[in-house]
Amino acid sequence: MNIAIIDDHELIRVGVAGVLHDTPHTITISASSAEELFAALEKSTPCDMLLLDILMPGTNGFEVAKRMRTEYPDIKIIVLSVDTKEYVITQLMAIGIDGFISKNGPLEEIRLAIDSVAEEVPFYGRDIAVLVRDIADAKLNKRASALLTKRELEIIEACCAGKLGKEIADEFHISLRAVNSHKTNIFNKLGLSSSVEMVRFALEHGII
């Protein structure tokens, strides 16, 4: 996995590179600003995933995320930030990020987030997952809920909590194939195409 990181603190960029040094992931872009990031991308520097800080001088992370979704929609985005306020998470979810971890969280969450998102499964750090679940719980859309079975609602709730497919299968004592089948049914019922869209839909419409 070719990874870009944008953070105005060199210590963070070096630290993340250190965490990933014995993994199959490679830091191909290490940028301190949006200008550096997009200059590298315009030169076709390999990039499959972006680790994105939000609070930066100049162009902030929100604007970077919006531009990435427009110009580089296939690149996964994981936000790495100290700002975990509800409105921040809600706004980023609306943009379409694939994961969010707090800089105050354990280092191993960086690896877990990258591995999870690489497999098309949204990832939220322990603290973030609680907020994501609370946001979803606070927004009720009974019309959408009526379309889904109890188990499908449970699958969505588990995904909003940042759980991976195998974890969900173990929790409900079903096979991973069954979990994926439930997800496919959810996508079809709600007109979605991915787990990222499913979690975003849950946040925007509250179907738990």
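Reader: Where is the place of Ser-44?
Author: Ser-44 sits in the loop between helix 2 (34-42) and strand 3 (49-52). Helices (H or I, at least four residues) and strands (E, at least two) are DSSP runs, numbered from the N terminus. This is a predicted model, in which local features need pLDDT of at least 70 and side-chain atom pairs count only at pLDDT 80 or more, while totals for chains, interfaces and linings use all residues. Residues are numbered from 1 along each chain as its sequence is written, and side-chain values use heavy atoms, with hydrogens and water left out.

Reader: What is the phi of Ser-44?
Author: The general idea is that most residues other than glycine have a negative phi. Ser-44 is not a glycine, yet its phi is positive, about 65°.

Reader: Does Ser-44 count as buried or exposed?
Author: Buried means under 20% relative accessible area, exposed over 50%, and partly exposed in between (1.4 Å probe, protein chains only). Ser-44 has 62% relative accessibility, so it counts as exposed.

Reader: Which loop holds Glu-120, and what is its phi?
Author: Glu-120 lies in the loop between helix 5 (108-118) and strand 6 (123-124). Its phi is also positive, near 70°, in a residue other than glycine. Because its relative accessible area is 41%, Glu-120 is partly exposed.

Reader: Which residues does Lys-76 touch?
Author: Contact means heavy atoms within 4.5 Å. Not counting residues up to four places away in sequence, Lys-76 touches Asp-48, Met-49, Leu-50, Arg-69, Asp-98, Val-117 and Glu-120. Lys-76 belongs to strand 4 (residues 76-81). With 17% relative accessibility, Lys-76 counts as buried. The C-alpha atoms of Lys-76 and Ile-114 are 9.3 Å apart in space, although the two residues are 38 apart in sequence.

Reader: At what angle do helix 2 and helix 3 pack?
Author: Axes are lines fitted to C-alpha atoms, for helices over the stretch in contact, and angles run from 0 to 180 degrees between N-to-C directions. Angles under 35 degrees count as roughly parallel, over 145 as roughly antiparallel, 65 to 115 as roughly perpendicular and the rest as oblique. Helix 2 and helix 3 (residues 61-71) pack at about 15°, with axes 11 Å apart, and are therefore roughly parallel to each other.

Reader: Which residues make the contact?
Author: Helix 2 supplies Ala-34, Leu-37, Phe-38, Leu-41 and Glu-42, and helix 3 supplies Val-64, Arg-67 and Met-68. Ala, Val, Leu, Ile, Met, Phe, Trp, Tyr, Cys and Pro count as nonpolar, Asp, Glu, Lys and Arg as charged, and the others, Gly among them, as polar. The residues of this contact of helix 2 with helix 3 are six nonpolar, no polar and two charged.

Reader: At what angle do helix 10 and helix 11 pack?
Author: Helix 10 (residues 176-190) and helix 11 (residues 195-205) pack at about 60°, their axes 11 Å apart. These two helices are therefore oblique to each other. On the helix 10 side Lys-183, Ile-186, Phe-187 and Leu-190 take part, meeting Ser-195, Met-198 and Phe-201 of helix 11. The contact of helix 10 with helix 11 divides into five nonpolar residues, one polar and one charged.

Reader: How many helices and strands does the protein have?
Author: The secondary structure comes to 11 helices and six strands. Of the 208 residues, 49% count as buried. Among contacts with a separation of 6 or more, 66% join residues 24 or more positions apart.
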